[in-house]
Amino acid sequence: MPVPAVTGRADRRHNAAVKRTALALLVPVLVLIGWQVIGQSDQFAGAVPTPARVASAWYDWIFAEAGMGLNPYLGTWLSNVQYSTMRVIQGFALAMLLGIPLGLAIGWSRIASLTLDPMVQGLRPIPITAWLPFSIAVFGIRDMGSIFLIFLGGFYAIVVNTTQGARDIDRNLVRAASMMGASSSQLLRRVVLPAAMPSIFTGLRIGLGISWTAVIVSEMVAVKSGLGYVLWDAYYVGRMDIVLADMASIGLMGFISDRLIVAVERKVLVWRMLQNH
């Protein structure tokens, strides 16, 4: 009878999904409980708003009608998320367009490694905050300054991981392709690039996380809109409930964008998933 076997597999998958969900929620629930206790304590009362207060402020920030009352944050969440997201998309896209080819070149070509890698490694340790004065001096208080910092945030993670992926390629694959008459460009396109893709996606995920950090830092100083601007403005006027709601929004957007990268990775590297199974 095939039906009980199918039902048993479905039940096992359901139980596994429930278990994964429970484990994923365990730590957040404990954090919320601890946060509630701290927010209600005499020592931190007022300085640390409770989760309920933050949730209420977040709800008004998202759904309330803009311009109603004296609260300047009402109904402005979506527009600020859009501002920050567009800057991240532009800066991160630029980082991918330049970082992936450069990483492949450094990892594959000895000449490129000798000429370009020292510069990359010399500039990479400079933190994003150190570039802020330069960005403001060159681009002013405009979007391009923020996009430049986001580009830097994602660029080095992408370059380093792509370089490592190109260097770690199985040389037997290269020799086999060369024996079959593949040219240098064909080797790079059909052998090196596919083999380096897992490392490239690792770099993309790390770089995207840093890009969200960079957009918040840049919006605090270099522009006058977005989640980073709201974060600093809310802190300045003592709205810690909005500050924490903003932090939660940043985490949410970073998580969603990371899941998008993972979804693309699974589509592109379907052969890797088959190997693992």
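This is a predicted model: local features need pLDDT of at least 70, side-chain atom pairs count only at pLDDT 80 or more; totals for chains, interfaces and linings use all residues.

Reader: How many Å separate the centres of domain 1 and domain 2?

Author: The domain assignment gives domain 1 as 7–48 and domain 2 as 76–276; such bounds come from an automatic or database assignment. Taken over C-alpha atoms, the separation of their centres is 30 Å.

Reader: Are α3 and α6 roughly parallel or roughly antiparallel?

Author: Axes are lines fitted to C-alpha atoms, for helices over the stretch in contact, with angles from 0 to 180 degrees between N-to-C directions. Helices are DSSP runs (H or I, at least four residues), numbered from the N terminus. Helix α3 (residues 77–108) packs on α6 at about 30°, with the axes 6 Å apart. Angles under 35 degrees count as roughly parallel, over 145 as roughly antiparallel, 65 to 115 as roughly perpendicular and the rest as oblique, so α3 and α6 are roughly parallel.

Reader: What about α4 and α6: oblique or roughly antiparallel?

Author: Helix α4 (residues 110–123) and helix α6 (residues 143–167) pack at an angle of about 140°, and their axes are 11 Å apart. That makes α4, relative to α6, oblique.

Reader: Which residues of α6 make the contact with α4?

Author: Contact means heavy atoms within 4.5 Å. On the α4 side you'll find S113, D117, V120, Q121 and L123. Facing them from α6 are Y156, V159, V160 and R167.

Reader: Is the crossing of α9 and α10 left-handed or right-handed?

Author: The axes of helix α9 (residues 227–236) and helix α10 (residues 240–268) come within 8 Å and cross at roughly 160°, so the two are roughly antiparallel. A crossing is left-handed if the near helix is turned anticlockwise from the far one by less than a right angle, and right-handed if clockwise. For α9 and α10, the crossing is left-handed.

Reader: Last one: are the rings of W131 and F148 stacked or edge-to-face?

Author: The structure holds eight aromatic pairs. Rings of Phe, Tyr and Trp (its six-membered ring) pair if their centres lie within 6.5 Å; planes under 30 degrees apart count as stacked, over 60 as edge-to-face and the rest as tilted. With centres 5.9 Å apart and planes at 75°, W131 and F148 are edge-to-face.

Key:
Residues are numbered from 1 along each chain as its sequence is written. Side-chain values use heavy atoms; hydrogens and water are left out.
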